Amino acid sequence: MSEKSEPVSAELYAYLAARTSQEDSFLAKLKLAARAAEIPSIWISPEQAAMMQILLKLKGARDVIEVGTLAGYSAITMARALGPAGRVRTIEFEDRHADFAEKWIADSDVAGRIQVLRGDGRKVLPEIADESADAAFVDADKSGYATYLQHCLRILRPGGLMMVDNAFAFGSVLEKDPEDASVRAIQDFNETMAACDELQSLILPIGDGCWVGVKRDA
Ligand SMILES: C[S@@+](CC[C@H](N)C(=O)[O-])C[C@H]1O[C@@H](n2cnc3c(N)ncnc32)[C@H](O)[C@@H]1O
């Protein structure tokens, strides 16, 4: 045992990714169709999907809230980890993305277990009941993350799982005075997460860095 952590080099990351459960042919086809439809290829990686599924299964989650549906890749991934009684409510403000996701969700093995809520996360989240979800995943516009966090803390049940993508700000989180507003927003958000007493949390170095936190009991 050692207190010293081994930095995750590109080589080590490729090693772990190659040894993680891979996506199935349905999700591979979804990605091909999304590229053909010119939907941006900014979905989570297979290893992040595996990590999120394992956490949701360990948690025994049934109800998940997501901000940022895109093509439905992460929503389908998460729904598969919840069992037949589970449901994902996923928020998307681009109709083109929501249309694509709804079609692929309807053709998936988790059809009927995912609801796409159309609109801006800032407007849709306030309509969701307190303590009505076991887990939340935020993966949308970075300027909204602090607002989404506040809503998710209200929506999560005690002990609920909070996951937030892009903690490494596309690899630029250590930049000083970045020009990119999204990078600045993530830098600020990371400080908010680190100081958030309502969560026990850490950044897992998977994908672009994924915050994982557990909501403390009141
Ligand atoms: C990174 S993608 C989500 C990827 C998806 N979670 C996955 O891994 O399969 C971000 C999505 O958030 C959507 N989005 C951006 N700003 C939003 C907002 N204010 N409210 C709702 N959705 C938003 C974008 O249109 C885009 O589809």
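Student: Where is E131 found, and why does it count as partly exposed?

Tutor: E131 is found in the loop between helix 6 (121–124) and strand 4, where helices (H or I, at least four residues) and strands (E, at least two) are DSSP runs, numbered from the N terminus. This is a predicted model, in which local features need pLDDT of at least 70 and side-chain atom pairs count only at pLDDT 80 or more, whereas totals for chains, interfaces and linings use all residues. Residues are numbered from 1 along each chain as its sequence is written. A residue is buried if 20 or more other C-beta atoms, placed from the backbone, lie within 10 Å of its own, exposed if 12 or fewer, and partly exposed in between; E131 has 13 such neighbours and therefore counts as partly exposed.

Student: Why is the crossover between strand 4 and strand 5 called right-handed?

Tutor: A crossover is right-handed if, with the strands pointing away from the viewer, the path from the first strand over the helix to the second runs clockwise. Here the chain goes from strand 4 through helix 7 (residues 145–155) to strand 5, and this β-α-β crossover is right-handed.

Student: What is the order of the strands in the open sheet, and what makes strand 3 and strand 6 edge strands?

Tutor: The order of the seven strands is 3-2-1-4-5-7-6, with mixed pairing. Strand 3 (114–118) and strand 6 (199–204) are the edge strands, since each pairs on one side only. Strand 5 and strand 7 (residues 210–215) are antiparallel, with five bridges, among them positions where V164 stands opposite W211 and D165 opposite C210. Strand 6 and strand 7 are also antiparallel, over six bridges, with Q200 opposite V214. The two form a hairpin with five residues between them, and G207 in the turn has a positive phi of about 60°.

Student: How many bridges join strand 1 to strand 4?

Tutor: Strand 1 (residues 63–67) and strand 4 run parallel and are joined by four bridges, and V64 stands opposite A135.

Student: Which residues are closest to the ligand, and how does the shell around the ligand divide into nonpolar, polar and charged?

Tutor: The closest are W43, G68, Y73, S74 and D141, out of 21 residues that surround the ligand, a residue being near if its C-beta atom, placed from the backbone, lies within 6 Å of the molecule. The shell divides into ten nonpolar, six polar and five charged residues, where Ala, Val, Leu, Ile, Met, Phe, Trp, Tyr, Cys and Pro count as nonpolar, Asp, Glu, Lys and Arg as charged, and the others, Gly among them, as polar. Helix 4 (73–79) and strand 2 (87–92) each supply at least two residues of this shell.

Conventions
Pairing = 2+ DSSP bridges.
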